[in-house]
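Hi everyone, thanks for coming. Let me put the sequence and the model up on the screen, and then we can walk through a few spots together.

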Amino acid sequence: MPDIPSQPPVPPPIQPGRDSSDGTTILERATQKTEPPRLYQVLLLNDDFTPMEFVVMVLQEYFRHDLDTATQIMLKIHHDGRGVCGVFSKDVAATKVELVLAAARRAGHPLQCIMEAA
Ligand code: TYC
């Protein structure tokens, strides 16, 4: 009469990615980490030639600031050398820079507009 074990046999631990004894492969479920998209500041740089009125118009037309805010931002740029017009996703920021530069060149002004990671 064979001995009957009192406890059932303990199966070997199954490791993710290794073949287990029954021939199947355990795949580890990857936790998906989606980083939020990076944001970019669009800035205007001061120069000695672009008229203040043109800069205020740019801030109103391309960045949707009201007259008061646009004037304050323009004066800040005039005094500090640079100022933030707005913060956007990469594509939107790049498009704003292109549109502002095109408008400035059309009007014959040397206004500089750049973007920087926020
Ligand atoms: N400094 C310019 C002037 O005195 C005005 C100016 C402001 C120009 C902001 C560019 O981004 C600028 N006419």
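Where is the place of Val84? Val84 sits in strand S2, residues 82-89; strands (E, at least two residues) and helices (H or I, at least four) are DSSP runs, numbered from the N terminus.

A quick word on the model: it is predicted, with local features needing pLDDT of at least 70 and side-chain atom pairs counting only at pLDDT 80 or more, while totals for chains, interfaces and linings use all residues. Residues are numbered from 1 along each chain as its sequence is written, and side-chain values use heavy atoms, with hydrogens and water left out.

Back to Val84: it is partly exposed because its relative accessibility is 34%. His109, in the loop between helix H3 (90-107) and strand S3 (112-117), counts as buried because its value is 18%. Here buried means under 20% relative accessible area, exposed over 50%, and partly exposed in between, with a 1.4 Å probe and protein chains only.

Beyond its neighbours within four places in sequence, His109 is in contact (heavy atoms within 4.5 Å) with Thr50, Pro51, Phe54 and Ala104.

Now, the ligand. Residues surrounding it (a heavy atom within 4 Å) include Leu44, Met52, Met74 and Leu111. Polar contacts are pairs of N or O atoms within 3.5 Å. A ligand nitrogen lies 2.7 Å from a backbone N or O atom of Asp47, and for Thr50 the corresponding backbone distance is 2.9 Å. From the side chain of His78, an N or O atom is 2.9 Å from a ligand nitrogen. Helix H2 gives the largest share of the shell, 3 residues.

Definitions and conventions:
A polar contact is a pair of N or O atoms within 3.5 Å; within protein, one must be able to donate a hydrogen and the other to accept it, and residues adjacent in sequence count only if both atoms are side-chain atoms.
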